[in-house]
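This report describes the inside of one protein model. Please look over the sequence and the structure before reading on.

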Amino acid sequence: MKNLIENRQPEYEVEGFETEHFNVGFGHPLYTYASDIVRYVCVAEEGGIIPVMPMCGVTIALMRHDEEHRSFVCGANCELRKIEVEQGDVVTLIIFTPCVANSLLNRPVGEVTGKTFKAAEVLNGSKQIDSCLRQSMEPVEKIKLISTILRTHILQRQGNGLAEYCVRRIFETNGSIKIEELAREVGVTSRYIGKIFENHVGLSAKYCAGIVKLKETVKKIQERPEERLTDIAAECGYFDHTHMNKSFRKMLYCSSGGIREGMFNNIDYTKVVSYIPKFE
């Protein structure tokens, strides 16, 4: 069974930040549940912005500002988001694979889609996590402890096997599988596929596939700087380069050419919604 690692944040450099990706491989408490755990430390005197790619799953954001700690739950979203921070601020994102949210939350997953809540309002185990955040220990050890707390709550609930299978097929095909084809494959209607995605992912199957396709395309653009964008568009399942650019501008507020030239440095962040509240 394929681990849904493609849901992770692309490992791009963010100017003004020290970035660390934690290994969520075999043996980690959140193996198969979390696609990525990434920690950003702002080192720029003037502060900075962390770009957050569209996500199919729920993300837990842990933030430290001076001696103050905050924790948030961010639902699945279909557009680029931003985190604005000051020098010295630390942000850790625990990015979960789709279908895990029902085990983490005390409310239906659809209620958090595209929104951000204080962890205490929606997250099972939030008191234990807040207590852990205030302990004095190395970041790696703190992340392991928080991961163990979260895993305990995940194991207390059973997921939906059909939803997990459908999500996995979308990832295996890099978002190119048609929803009608997926419905025929599992022996249900497209409408039923829509229902299970609404209940267990918080996004439609079409949006989920679009996010997966977008991330695969960004990855190829990064890895193949000399290849024509029209060829990458065709390989990734877009009708043409114009179709790919339309998707990029809608979800990333930037053309595919702009992403190639400078990743997220070419984006007008005045148009981008904040992912979590800024410290005042």
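The model is predicted: local features need pLDDT of at least 70, side-chain atom pairs count only at pLDDT 80 or more, and totals for chains, interfaces and linings use all residues. Residues are numbered from 1 along each chain as its sequence is written, and side-chain values use heavy atoms, with hydrogens and water left out.

**Cores**

A nonpolar core is a set of buried Ala, Val, Leu, Ile, Met, Phe, Trp, Tyr and Cys residues joined through side-chain atoms within 4.5 Å. Buried means under 20% relative accessible area, exposed over 50%, and partly exposed in between (1.4 Å probe, protein chains only). In soluble globular proteins, nonpolar side chains tend to be buried together.

The largest nonpolar core has 44 residues, and I170, I193, F197, F248, L252 and F264 have the most contacts inside it. Each of α5, α6, α7, α8, α9 and α10 supplies at least two residues of this core, and α8 gives the most, with eight residues. Helices (H or I, at least four residues) and strands (E, at least two) are DSSP runs, numbered from the N terminus.

Contact means heavy atoms within 4.5 Å.

**Strand β6**

Strand β6 (residues 81-85) is mostly covered, since four of its five residues are buried. Two strands pair if DSSP finds at least two bridges between them. The pairings of β6 are listed here.

| Partner of β6 | Bridges | Direction |
|---|---|---|
| β3 (residues 48-52) | five | antiparallel |
| β9 (residues 273-274) | two | parallel |

The bridge partner of I49 in β6 is E84, while R81 stands opposite V273 in β9.

**Largest pocket**

The largest pocket holds about 630 Å³ of space. Of the 20 residues that line this pocket, K206, A209, G210, K213 and H243 are the closest to its centre. A pocket is an open set of points on a 1 Å grid over the protein atoms alone, where a 1.4 Å probe fits, with protein on both sides within 12 Å along at least five of seven lines; lining residues have an atom within 4 Å of a point. Grid points are joined across faces, edges and corners, and the volume is the space filled by probe spheres set on the points.

**Serine 147**

S147 lies in helix α4 (residues 139-155). S147 is buried, because its relative accessible area is 0%. Leaving aside neighbours within four places in sequence, S147 is in contact with H28, P29, L30 and I37.
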